[in-house]
Amino acid sequence: MSPVERLRANCDLPDEELRNLLETDLFDEELYKAADEVRRCVYGKDVYLRGLIEFTNYCKNDCLYCGIRRSNKAERYRLTKEQILDCCAQGYALGYRTFVLQGGEDPFYTDDLLCDIISSIRSLYSDCAITLSIGEKSEESYRRFFECGANRFLLRHETADESHYSRLHPGEMSLANRKQCLFTLKKIGYQVGTGFMVGSPYQTTQNIISDLRFMQELSPDMIGIGSFIPASGTPFESFEHGSVLLTLRLISVMRLMFPHALIPSTTALGTLHPQGRELGLKAGANVVMPNLSPVEYRGKYAIYDNKICTGEESAQCKDCLQRRIESAGYEISGSVGNVKRNN
Ligand code: SAH
């Protein structure tokens, strides 16, 4: 059997063989094909849309790669509860059944304020999923948000290797805490997503293998990876962006290792390649996260340079994505798009 066939059959390979698979393009076509077969087996042609609301670009953290890190010069904004609810109303009318609230770690949004926002969305849209992507909080805060109606949480671990983590983050942040947050979120009952950047500065193949091993330990419901893209004004502004091919290869590897995972074809892929998101879907991804933020703020959530879809109204965005998804051979699903668990 080829390594791809064995990866598919066992959802696993020894480190050495994973390394070989990741470091060559020889198996790419076979990988995409196997990953697409597995995704069709579990999720059919369905692609789930998640309406992304980037509600604040203030951040108390100083991650070296991120364009909205606290020490970067950036024009800052915050959305009011009313603005957030407006985004949800527009999204609901367009057919979105998941709202993702993403932002920097912004203490302006106290737990009480977040609970108020989450409860309001929950009472207006009982048939929708509410996903949070707001960074590291205490177990108590995570519990309160869950009780108010949030049911999914995205928190990329960024890299599972201690020394790599410390080269990407300031000393006050810790990988141990980030991992602990992920296990806590799972324990509370959230559908949990994690992931990492492909081609972040100093990343090695061994780091990526550690990422895959950590995800086997966590068993996430969602896995988001995107190529690293340099952001002006950050310490990494002159670094190379991550490879699109390696990102696609990894999407396929993850589909074979985690057949039931919800895997987005990310905006970062679309930023680096005109058909990046279509290629991501063909490599095994089954989620797309169009932007629902008000157009006047979109350009300001500049976690990296040249981010796409910052000038379009939400409705235009949806039409464009629908064409792209159908051209790749898939269909938008109108369902809430929960994970199909493997047990
Ligand atoms: N504050 C939240 C949301 C972060 S933004 C949190 O801590 O989870 C979402 C993701 O964007 C991050 O997890 C990171 O993986 C990614 N990101 C940040 N800067 C990036 C860059 N320069 N290139 C590509 N992806 C980046």
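How many disulfides does the count come to? The count comes to zero disulfides, where a disulfide is a pair of cysteine sulfur atoms within 2.5 Å. This is a predicted model, in which local features need pLDDT of at least 70, side-chain atom pairs count only at pLDDT 80 or more, and totals for chains, interfaces and linings use all residues. Residues are numbered from 1 along each chain as its sequence is written, and side-chain values use heavy atoms, with hydrogens and water left out.

Let's look at two cysteines. For C11, the closest cysteine sulfur belongs to C41 and lies 11 Å away, too far for a bond. C87 is in no disulfide either, as its nearest cysteine sulfur, in C88, is 6.7 Å away.

C87 has a relative accessible area of 4%, so it is buried, while C11, at 26%, counts as partly exposed. (Buried means under 20% relative accessible area, exposed over 50%, and partly exposed in between, with a 1.4 Å probe and protein chains only.)

Helix α4 covers residues 81–94 and helix α5 residues 111–124; helices here are DSSP runs of H or I with at least four residues, numbered from the N terminus. Their axes come within 10 Å and cross at roughly 30°, with axes fitted to C-alpha atoms over the stretch in contact and angles running from 0 to 180 degrees between N-to-C directions. The two helices are therefore roughly parallel to each other, a label for angles under 35 degrees.

On the α4 side, the contact (heavy atoms within 4.5 Å) is made by K81, I84, L85 and C88. On the α5 side, D116, I117, S120, I121 and L124 take part.

Key:
Angles under 35 degrees count as roughly parallel, over 145 as roughly antiparallel, 65 to 115 as roughly perpendicular and the rest as oblique.
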